[in-house]
Amino acid sequence: MSSQLDYAVVVGVNHYPWFRPLRGAIEDALRVREWLVDKERGGAVTQCELILSSKEPPPEKPLNADIDTAIQRIIDAARVDGAAERRFYFYFGGHGFANMHSDVALCMVRWSKVYRGCALSSSKYTSALVNYGLFDEIVFWLDCCRTSEIGGEGQGPWNAPPSASPDARRSRSFLAHATSFLNPAGESAVEGDASVVRGHFTQALLAGLWGGAVKDGRGVSPAGLKEYLQKETPLIAQEAKRSGQIPEVIDGLNGSRLFGTAGIESEVEIVFQKERSGEVVLEDSSLNVLKRGLAATGPWRVSLRRDRYTLRELSTGVQHTFSFRPTREGQRVRF
């Protein structure tokens, strides 16, 4: 038996037929799942339940029971896997409301001013997962608003354990909210591709997990991820001309297991335009020359860490400065 088996439930809800639809939650959920199941640099989870809303009429899923069913499949598997250590990830992208600091109502597809109970209580689901006593670590990443809504209260799981298992005492948790209490969370089109919309928090989350939050060596510490989210999410929101989105992260993992095994560098492709014909240099923010050669030798593929870089054509003096944050997809730079 493996000594370490991890599990995940990933939820993305764009479609709210009786409320305001979203554009980026499904794309975010798919990308989070990509990191979770990646065995080389990501979470390497054993079982990941992906739950997405649908545009096909009527868009009746997901509802509360769909989430409970997915969690139950994981509970059943965890009870028999024999692992010594387990981590449970829960990601939600969609609408959310918070009338209490300690709880967020995670809105399912049917949520509306009428169906106010069609939402999950983040605190009740966290408590239930702890009380099962099956997971050493519970990780919640919630990309949703925490604004107030009268009567917008989430429900607990139907399959919550009747009492806490003695093993629940070993459970620790990591809870990351996309924004602070009573404030909204935003989404916007990705720079350079107006057809792709992403949540500001999830952009920061994945950039951090794929390498941006690595301090040294390989893997992201819980403390490092918290620091990265709190620094990068507001910057991404500001780039989208939104302000005030500051994540709230509660790290109870005490520096235990890392998130993934990403390194501090990621690959960048540098593509030269036709007018570039001479010698080009690539420098970092300390003016160290990282690569030098004729544009005709391009495209270049170089591994970079988070920093600001400058490309300069020596014969003309033309230059281009760009910032790089390591991500799974890397980055393409045109010069």
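This is a predicted model: local features need pLDDT of at least 70, side-chain atom pairs count only at pLDDT 80 or more; totals for chains, interfaces and linings use all residues.
View 1. The expected span is 1.5 Å times one less than the number of residues, while helices (H or I, at least four residues) and strands (E, at least two) are DSSP runs numbered from the N terminus. Local features need pLDDT of at least 70 and side-chain atom pairs count only at pLDDT 80 or more, whereas totals for chains, interfaces and linings use all residues. Residues are numbered from 1 along each chain as its sequence is written, and side-chain values use heavy atoms, with hydrogens and water left out.

View 2. Asn64, Ile67, Asp68, Ala70, Ile71, Ile74, Ile75 and Ala78 of H2 are buried, a term for under 20% relative accessible area, with exposed meaning over 50% and partly exposed in between (1.4 Å probe, protein chains only). An α-helix has 3.6 residues a turn, so residues three or four places apart point the same way. The buried residues of H2 pack against strands E1 (7-12), E2 (47-52), E3 (87-93) and E6 (119-121), and against helix H3 (122-132), where contact means heavy atoms within 4.5 Å. After H2 comes glycine 82, with a positive phi near 75°.

**View 3. The packing of helices H4 and H5.** Helix H4 (residues 200-212) packs with H5 at an angle of about 135°, their axes being 8 Å apart. Axes are lines fitted to C-alpha atoms, for helices over the stretch in contact, and angles run from 0 to 180 degrees between N-to-C directions. The two helices are therefore oblique to each other, since angles under 35 degrees count as roughly parallel, over 145 as roughly antiparallel, 65 to 115 as roughly perpendicular and the rest as oblique. Among the residues that meet are His200 and Ala204 in H4, and Glu232 and Thr233 in H5.

**View 4. Two buried residues, histidine 200 and glutamate 232.** Histidine 200, in helix H4, has a relative accessible area of 0% and is buried; its contacts include Glu187, Thr233 and Arg242. Glutamate 232, in helix H5 (residues 222-239), counts as buried at 1% relative accessibility, and touches Ala204, Arg306 and Arg325, not counting residues up to four places away in sequence.
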